[in-house]
Amino acid sequence: MPHSDPVPEPFVLTLGSVLDAAGLDPHEVLAIRHTYKESGLPSRAAATPERVLAYTREQHHVGKFPKEPARHWLIFMGEGGRRSRLTAVYENRGEAVAERTERYRYYDVAPVPLLASLEERLVVEWSADPVNWAKRGPLAARFPVLEIADPTTEAFPGFDHVLLSYGDLQSMVTETRYAGWRTALEAVRGIYLIADETAGQCYVGKADGERGVLGRWEAYARDGHGGNVALRDALELDPAQPERYTFSLLRVFGSNTPQAQIDAAEKHYKEALMTRRFGLNRN
C-alpha cells in the first residue's frame, strides 16, 4: 500500500500570535469584552473613548474580574455572536485605593499605543462562553483572529435613498466607514421620518440646526428619543423601543433656505402623513 504524507493542519492566526509579534507576554495581558447594554454602554454612539475607559476602570468587588489584574488590558467590543473588535489597550497602574467603595474598586488605567495600528481593525472570536467577559492572557491568546482590516466603506446612497435601522444609525454617527454619510448629512437641513416598524406609527421632524440632519440624528443615536415627548414616553415603557425605528429623509434643504420654508414643509408632512392623529407627533 503506497505511503501518503499526512495532510498538514491549516494554520490559524491567533491573538497569541499578535501578542508575540508586539512583544507582549500573555501573562501580562488581560482581555476584556464589553457589550452594549443600558447599565453600562447603551449604544455604539455612547461608547466614546472617555466612557469606555471610565466604564472599564470601575469593577465590582464580586465577579469574574481578577483581584490583581495584569499590566496590559486589551479592550474589545462585541459585534454580535462571538465577534469582538479591539477598541483600545490600557496600561494598568494599580488600584486607585482612595476611590474604593463598598461595591466597587477603581483602577488607574490609561490608553497606550502598543497595538495602535490594530485598534478598530483586529477582530477575534471570543470564547464559546461569552459571559466570561474577562479573560487572562494565556486563555485569550487562543482566540482565533477573524480579520485584520479596516471596516468597509459604506457609500452614501443619495438623500432619496437613506433608510437606516436604529443600529445602523448608531454606526453611521461614529464609525469610519460612514464618513461620507456624515459629510453629506451635515451639509443639509431637512425633514425626516422615524417609523416604528412594529406598530406602524410615524414621527415627522425637522433638522434645522448648525450641523444639519447629522446633528439632529446624533441626538437620537445617543439617547433613543432626541428630546421628543412621545418617543421619550415610549422609551420609558420599553427600553428596547428604539431598536424598532427606521430613519429616512422626506426632503432636504440647503443651508441658506429660509426658516419659514422648512417650517412649512414640516407642517405639510405632518398633515399629509397624519402623524398628529395616528402617529407620534404631539404638536
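## What "buried" means here

A residue counts as buried when its relative accessible area is under 20%. Keep that cut-off in mind as we look at one strand of this predicted model.

## Strand E10, an enclosed strand

Let's start with strand E10, which covers residues 189-196. Of its 8 residues, 8 are buried, so the strand is largely enclosed by the rest of the structure.

Which way do its residues point? Arg189, Ile191, Leu193 and Ala195 point one way from E10, while Gly190, Tyr192, Ile194 and Asp196 point the other way. Residues on both sides are buried.

## The neighbours of E10

E10 pairs with strand E12 (residues 245-253). The two run antiparallel and are joined by 8 bridges. To find one of these contacts in the structure, look for glycine 190, whose bridge partner in E12 is valine 252.

E10 also pairs with strand E11 (residues 202-207), again in the antiparallel sense, over 6 bridges. Here isoleucine 191 stands opposite lysine 206 of E11. E10 and E11 form a hairpin, with 5 residues between the two strands. In that turn you can find glycine 200, which has a positive phi of about 80°.

Now move to strand E5, residues 104-111. Strand E2 (residues 58-60) runs antiparallel to E5, and 3 bridges join them. Histidine 60 has tyrosine 104 as its bridge partner in E5.

Strand E4 (residues 83-95) is joined to E5 as well, by 4 bridges, and this pair is also antiparallel. Within this pairing, glutamate 91 has alanine 110 of E5 as its bridge partner.

Note on methods. Residues numbered from 1 in each chain as written. Predicted model: local features only at pLDDT ≥ 70, side-chain atom pairs only at ≥ 80, totals over all residues. Heavy atoms only, no water. Buried < 20%, exposed > 50% of the residue type's maximum accessible area, 1.4 Å probe, protein only. Pairing = 2+ DSSP bridges.
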